[in-house]
Amino acid sequence: EEEALLYACNLIYLGNKVVMTTCGDRLPNILTQKGYEVFTTDLSCFIQAGGGPHCLTNNLTSGH
């Protein structure tokens, strides 16, 4: 539940690289054991606004 509240599933992955918000050690360790290279970053201010790492990569389009 704690990881979910920190938007841990709202991540970015490219091949075996994962970028995710800081959410403790449990999930990053699991992903590392499964062969992923995990990068965590503090996105607490962005999460307070309702977004996560994946949201940071969304394109904005005009006219919609």
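Helices, of at least four residues, and strands, of at least two, are DSSP runs that are numbered from the N terminus, and the views below use these names for a predicted model.

**View 1. The loop between α1 and β1, with Y7.** Y7 lies in the loop that stands between α1 (2-5) and β1. Although Y7 is not a glycine, its phi is positive, at about 60°. Most residues other than glycine have a negative phi. With a relative accessibility of 28%, Y7 counts as partly exposed, because that class lies between the limits of 20% for buried and 50% for exposed.

**View 2. The open sheet of three strands.** The sheet is open and is formed by 3 strands in the order β1-β2-β3, with mixed pairing. Its edge strands, each of which pairs on one side only, are β1 (12-14) and β3 (37-41). On average, and with direction ignored, neighbouring strands of this sheet are turned by 15° against each other.

**View 3. The pairing of β2 with β3.** Strand β2, residues 17-21, runs parallel to β3 and is joined to β3 by 5 bridges. Within this pairing, V18 stands opposite V38 in β3.

View 4. The largest nonpolar core is made up of 6 residues, namely A8, V18, M20, C23, L27 and L31, and both β2 and α2 (26-33) supply at least two residues each. In soluble globular proteins, nonpolar side chains tend to be buried together. When its neighbours within four places in sequence are left aside, A8 is in contact with E3, M20, T21, C23 and L27.

Definitions and conventions:
Residues are numbered from 1 along each chain as its sequence is written. This is a predicted model: local features need pLDDT of at least 70, side-chain atom pairs count only at pLDDT 80 or more; totals for chains, interfaces and linings use all residues. Side-chain values use heavy atoms; hydrogens and water are left out. Two strands pair if DSSP finds at least two bridges between them. Axes are lines fitted to C-alpha atoms, for helices over the stretch in contact, and angles run from 0 to 180 degrees between N-to-C directions. Buried means under 20% relative accessible area, exposed over 50%, partly exposed in between (1.4 Å probe, protein chains only). A nonpolar core is a set of buried Ala, Val, Leu, Ile, Met, Phe, Trp, Tyr and Cys residues joined through side-chain atoms within 4.5 Å. Contact means heavy atoms within 4.5 Å.
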